[in-house]
Amino acid sequence: MGERVGIEVSLAAAEAVKMANVDVVAAYPITPQTHIVEHLSELVADGELDAEFIPVESEHSAMSVCCGSSAVGARTFTCTSSQGLALMNEIVFIAPAMRLPIVMILANRSLSGPLSIWNDHTDVMSVRDCGWIQFFTENGQEAFDHVMFSFRVAEDPAVSLPIMMNMDGFVLTHVIEPIEFWDQETVKQYLPDFEPVNRLHPDNPVTMGAFGLLGIFTEAKMAQDQALLNSKAVILEAWKDMGDLVGRYYKPVETYHVEGAETVFLSMGSVGETVSLAVDQLRAQGKPVGQVKLRLWRPFPFEEFREAVRGVKQMIVIDRAITYGGVGGPVASEIRSFLYLEENMPTITNFLCGLAGRDVTVEDYMAMFEKTEQMVKGKVRQEDYIIYGVRE
Amino acid sequence: MERFNVYASRLITKKEYFSPGHRACQGCAEALAVRLVAKALGQNVIVSSATGCMEIVSSPLPFTNWRVPWIHVAFENTSAVASGVEGGTKALIRKGKLPDKGTVFLGMGGDGATTDIGLQSLSGAFERGHNFLYVCYDNEAYMNTGIQRSSSTPFGAATTTSPAGKLKPGQVTWKKNMGEIAVAHNIPYVATACSSYPFDLIEKVKKAARIHGPAYIHILSVCPTGWRVPPNKAIWIGRLAVETGVFPLYEVENGKYRITVDVPELKPVLDYLKPQGRFRHLTPELVDQIQERVTREYNQLKAKATL
């Protein structure tokens with residue numbers, strides 16, 4: 001096992017990319033992704049990482065370069081945030097349709113406008129339907145571990161899809177945490193070399209990115225959907241193998257004090273640890289409260305989620321993005337529709353909070369619990385969603 | 001010289017890498033240019049193509065006209081895709097994962113994909129110095145979407161978005177000089193070509209492929225559908241573009257200009273404009289304006305070539 005070091009999470013993630021022996025890094029600077037890319041360029045400049053570092057002129061080109069390099073069979077990494085993701089949006093949707101196993105870290109930041117560099121999930125939720133494998137990390141150790149996990153899952157011949165690792169901007173990217181590194185031998189055991197299903201090479205000419213007329217388009221999309229759903233088996237295996245190697249077992253849905261819980265919080269990403277503290281305090285007050293953390297977002301972990309919330313009467317869904325003029329935050333509206341056909345469907349309240357880095361404290365989550373209790377008892381009108389913490 | 005042409009044609013490979021059976025219009029000089037470029041480059045190439053006519057006519061799933069490796073991702077990003085293809089291959093060779101076969105990396109797109117929406121990614125790839133050849137097939141408008149004007153549409157041409165009306169004489173701006181924009185990037189090789197001059201075109205493509213670093217070739221590709229000329233006149237119109245000085249054939253090697261098809265005495269531009277339906281509305285005054293500009297620019301080019 002590797003050593004435990006105090007390091008900024010961005011640098012640790014970059015070190016993990018180096019340990020994965022990536023072939024091509026293409027990126028364009030955007031806060032708060034910068035430290036990851038800066039560190040990778042340093043590693044290349046010092047000869048510690050043998051890779052092509054391609055400093056492109058836009059994120060649109062970053063994702064396009066990644067498509068090209070992945071298509072020739074090079075292990076490919078990029079990293080962006082917010083506006084960068086919005087600019088590369090067109091190509092983000094094309095990469096999974098072409099089955100190109102690109103690994104991207106998304107240092108989550110709010111989408112403009114107004115312009116803000118701080119953290120929420122408005123960027124990732126704008127590409128909810130892009131066809132990538134998408135998951136959230138909660139702390140620095142998870143981020144480090146999941147770089148290796150991402151390459152392994154994306155490049156598995158049974159998957160061959162791009163993967164997006166969400167990592168909250170600043171609250172995760174810019175903090176120093178104790179992180180247990182893997183040694184290179186463990187990486188070698190866990191992560192095989194990239195052997196692409198198809199490779200652009202003159203010895204075996206293939207056509208990639210042909211256009212689909214109506215006679216074939218639906219079938220192609222169905223196959224793509226199936227590929228994403230099927231990736232779950234590989235994801236579960238990759239998590240199990242990681243646990244066996246480094247002792248940390250990850251699951252698509254994590255639970256905290258759900259035993260006997262009548263109310264559960266649902267969180268994604270780095271707010272999870274704060275929510276856990278609120279759960280501790282509520283439990284200390286004798287309230288039957290628990291927490292469900294959704295780590296895997298796409299493909300959606302249907303069975304695991306259903307299992308995690310079985311018997312729960314109330315759910316408090318924390319959303320960190322707005323669906324303007326819609327029926328609630330993107331997570332809550334999806335959970336509502338998923339659970340609609342369940343027997344004993346829980347009552348769901350939805351709080352939109354922590355937008356653009358606004359701090360959400362333990363007390364705030366306790367207040368959300370209080371408000372939920374009132375709404376359920378009929379003291380306050382049940383609302384589809386509440387934008388929490390708006391200054392009066 | 002006549003005999004040389006008979007001989008030279010026999011030196012060109014009979015192999016087709018852009019195969020017959022594609023869905024381009026009759027008389028498409030752009031498809032001819034693609035075929036000639038593919039012949040010049042041979043088997044050892046990886047092609048990155050922009051969205052556009054040549055992509056659509058050659059790759060309807062599950063068919064392909066490409067007998068060499070070919071990738072299409074989107075419209076404006078061909079140069080970035082080619083950068084990734086080149087960079088990825090380079091990394092794999094350096095790390096011993098692939099043998100070095102001296103593969104040529106080709107990026108290709110139409111005038112819209114090159115001079116408008118893809119100019120940024122092309123400029124970026126030039127600046128970064130990728131070892132690739134970019135070929136622009138210029139048919140002077142967005143033909144794939146139905147003949148809309150681009151920045152490469154010549155002054156006075158009627159298109160569906162620069163129609164000749166009571167107030168406006170078709171396109172009111174002058175054609176963007178993409179060759180000079182490429183030269184301004186200080187890349188080692190820039191050339192113009194036309195599929196009406198196949199040997200000149202093939203020589204330039206072969207030379208560009210040999211050169212290390214970015215190379216750019218701008219190929220005038222007559223579009224009978226969009227230019228409103230009969231399909232059997234496409235080659236003739238391309239020759240007139242060169243003989244009138246509207247589209248001079250030259251190359252710039254490490255900054256040194258050379259006119260490759262010299263035209264000692266230019267024909268009047270009217271010879272070129274008259275047969276084309278897209279110019280049918282032009283008044284004598286507008287033709288004079290075009291003549292004045294063409295003559296001036298041709299003389300400027302000649303001056304650079306004799307430096």
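Two strands are treated as paired if DSSP finds at least two bridges between them. In this predicted model, strand β5(B) and strand β7 (residues 250–253) of chain B meet that condition with three bridges, and they run antiparallel. Within this pair, Val190(B) stands opposite Val252(B) of β7(B).

Both strands belong to an open sheet of nine strands with mixed pairing. Its order is β9(A)-β2(B)-β1(B)-β3(B)-β4(B)-β6(B)-β5(B)-β7(B)-β8(B). The edges are formed by β9 (207–208) of chain A and β8 (256–259) of chain B. Each has a single partner strand, so one side of each lacks a neighbour in the sheet.

Helix α4 (residues 78–94) of chain B touches β1 (45–49), β2 (70–72), β3 (104–110) and β4 (133–138) of chain B. The direction of α4 makes about 170 degrees with that of β3(B). Helix α8 (residues 198–210) of chain B lies across β3, β4, β5, β6 and β7 of chain B. Helix α8 runs at about 160 degrees to β5(B).

Helix α10 (residues 234–243) of chain B has the buried residues Ala234(B), Ile237(B), Gly238(B), Leu240(B), Ala241(B) and Val242(B). Their cover includes two strands of chain B, β5 (189–194) and β6 (215–220). It also includes the chain B helices α2 (29–41), α9 (224–227) and α11 (269–273). Just after α10(B), Gly245(B) adopts a positive phi of about 85 degrees.

Chain A contains 13 helices and 16 strands. Its radius of gyration is 21 Å, close to the 21 Å given by the globule rule for 392 residues, so chain A is as compact as a globular protein of that length. The C-alpha atoms of chain A fill a box of roughly 70 × 55 × 45 Å along the principal axes. Of the 392 residues, 52% count as buried. Among chain A contacts between residues at least 6 apart in sequence, 79% join residues at least 24 apart.

Chain A is assigned domain 1 (4–246) and domain 2 (253–387). The centres of these domains, taken over C-alpha atoms, are separated by 28 Å. The contact takes 27 residues from domain 1 of chain A and 18 residues from domain 2 of chain A. On the domain 1 side, α6 (122–125), β6 (133–136), β7 (163–168) and α9 (214–246) of chain A each supply at least two residues. The largest share of that side, five residues, comes from α9(A). By class, the domain 1 side has twelve nonpolar, ten polar and five charged residues.

Key:
Residues are numbered from 1 along each chain as its sequence is written. Chains are lettered from A and ligands numbered from 1 in the order in which they are written. This is a predicted model: local features need pLDDT of at least 70, side-chain atom pairs count only at pLDDT 80 or more; totals for chains, interfaces and linings use all residues. A residue is buried if 20 or more other C-beta atoms lie within 10 Å of its own, exposed if 12 or fewer, and partly exposed in between; C-beta atoms are placed from the backbone. Helices (H or I, at least four residues) and strands (E, at least two) are DSSP runs, numbered from the N terminus. Two residues are in contact if their C-beta atoms, placed from the backbone, lie within 7 Å. Domain bounds come from an automatic or database domain assignment. Ala, Val, Leu, Ile, Met, Phe, Trp, Tyr, Cys and Pro count as nonpolar, Asp, Glu, Lys and Arg as charged, and the others, Gly among them, as polar. The radius of gyration is taken over C-alpha atoms; the globule rule is 2.2 Å times the number of residues to the power 0.38. Axes are lines fitted to C-alpha atoms, for helices over the stretch in contact, and angles run from 0 to 180 degrees between N-to-C directions.
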